[in-house]
Amino acid sequence: MKGKSPLNSMTPPPAIEKKSAQDWVRTLAKYREPNTARSFLEIAVTMVPFLALWALAWWSLSISGWLALGISVINAGFLVRLFAIQHDCGHGSFFKNRQVSDWVGRGLGILTVTPYDVWRKFHSVHHASAGNLERRGWGDIMTLTVAEYEALSKWGQLKYRMYRHPFVLFVIGPIYVFIFENRLPVGLMNAGSKYWVSSMGTNVGIAVLVLGILYFGGVAPLLLIFLPTVIIAAAIGVWLFYVQHQFEGTTWKHEEDWQVHDAALRGSSNYILPAPLQWMTANIGIHHVHHLYARIPFYRLPQVLKDNPVLATAQCLTLRESFSCVKLNLWDEQSQRLLSFAQAHQMRLQAA
């Protein structure tokens, strides 16, 4: 690769290597206990503005559809935050009582159009297999190695290029997954009734919500408020998930060399966002800590970095730097980094 990469800041600092990933797990264990009052407060300060903006957008329809749409775009941020709370519920990190976490998560799943139990299953597999080359494809964005890509037919390479195109990943993909795929327990069709109940129960809740919107407001609030809020929030969510693992300094290993804690610590980014965006995304950018110890409530993650400054300097990825991650599409096992199609092609020419 020519020149210095703007993402070199994501190389783990030497100090972090002085403590093993397993040692970091023991260090982080003291942050795992949720504060019930704080958790309910986080729900309140997210849900109240979300509902208020929904009402404001509905009211503004009488003035301008564009105004309602603009408010819905803003409100997508609060829906992202509600999804982050649902995410913490799925990890059992938001409340001490697991049943409370699960039912809050299921309720939020209606607003996020995501069947909670189905999502939790796939997400748990993602945490248990992230960075493992033999266990790709469960709850993550498919990434081929350079060798795998070059072994494909021209048609296979074209399909992979189309799949990795930003418009597909961040526009078509979120719409397909959240609006259509989530309506069935795809991938878990024969895994038991639990996942069907989760999908169908969420669908019933969404149907009641949509019918209520149509009954009281007609098609306009559905098209200008409900759907834009959901789709934009879904796109933001997919973007966050993408940059948390698809960056030049990430790590992928084969099963025999892979270790779950090492992969968590070194294969997840530390996405540094402006304070308002960090609040809106519920600190999910502190992803290396989250992956290393998923039971830590999101509101305690900043304290982890404050108490352990070395973690704050590992895998740093700024908002500006993150846009460069879009061009990275292939894992090169020789250089141990993600490459663009152009970089992989250039390496192939040099090797010829």
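Gln336 is partly exposed, with a relative accessible area of 36%; buried means under 20% relative accessible area, exposed over 50%, and partly exposed in between (1.4 Å probe, protein chains only). The model is predicted, and local features need pLDDT of at least 70, side-chain atom pairs count only at pLDDT 80 or more, and totals for chains, interfaces and linings use all residues. Residues are numbered from 1 along each chain as its sequence is written, and side-chain values use heavy atoms, with hydrogens and water left out.

**Two glutamines with positive phi**

- Gln336 is not a glycine, yet has a positive phi of about 60 degrees.
- Gln336 sits in the loop between β4 (330-332) and β5 (337-339); helices (H or I, at least four residues) and strands (E, at least two) are DSSP runs, numbered from the N terminus.
- Gln315 is not a glycine either, and its phi is positive at about 50 degrees.
- The loop that holds Gln315 runs between α15 (309-312) and β3 (316-318).
- Gln315 is buried, at a relative accessible area of 1%.

**Nonpolar cores**

- The largest nonpolar core has 65 residues, and the members that touch the most others are Leu28, Phe226, Val289 and Leu311.
- A nonpolar core is a set of buried Ala, Val, Leu, Ile, Met, Phe, Trp, Tyr and Cys residues joined through side-chain atoms within 4.5 Å.
- Helix α10 (residues 219-245) gives the most to this core, namely 11 residues.
- Another core, of 8 residues, lies apart from it and includes Tyr149, Leu330, Phe341 and Ala344.
- With neighbours within four places in sequence left aside, Val289 is in contact with Leu28, Ile296, Leu301, Val304, Leu305 and Leu311; contact means heavy atoms within 4.5 Å.

**Helices α9 and α10**

- The axes of helix α9 (residues 193-217) and α10 come within 6 Å and cross at roughly 125 degrees.
- Axes are lines fitted to C-alpha atoms, for helices over the stretch in contact, and angles run from 0 to 180 degrees between N-to-C directions.
- The two helices α9 and α10 are therefore oblique to each other; angles under 35 degrees count as roughly parallel, over 145 as roughly antiparallel, 65 to 115 as roughly perpendicular and the rest as oblique.
- On the α9 side the contact is made by Ile206, Leu209, Val210, Ile213, Leu214 and Gly217, and on the α10 side by Val219, Ala220, Pro221, Leu222 and Phe226.
- This contact of α9 with α10 has 10 nonpolar residues, 1 polar and no charged ones.
- Ala, Val, Leu, Ile, Met, Phe, Trp, Tyr, Cys and Pro count as nonpolar, Asp, Glu, Lys and Arg as charged, and the others, Gly among them, as polar.

**Other residues of α9**

- Thr202 belongs to helix α9 and is buried, with a relative accessible area of 6%.
- Leaving aside neighbours within four places in sequence, Thr202 is in contact with Gly109, Ile110, Thr114, Pro115, Tyr116, Arg183 and Val197.
- Thr202 and Val118 are 84 residues apart along the chain, and their C-alpha atoms are separated by 10 Å.
- Leu211 is also found in helix α9, but counts as exposed at 57% relative accessibility.

**Ser101 in α4**

- Ser101 has its place in helix α4 (residues 98-111) and is buried, with a relative accessible area of 0%.
- Apart from neighbours within four places in sequence, Ser101 is in contact with Cys89, Gly92, Phe94, Phe95 and Tyr116.
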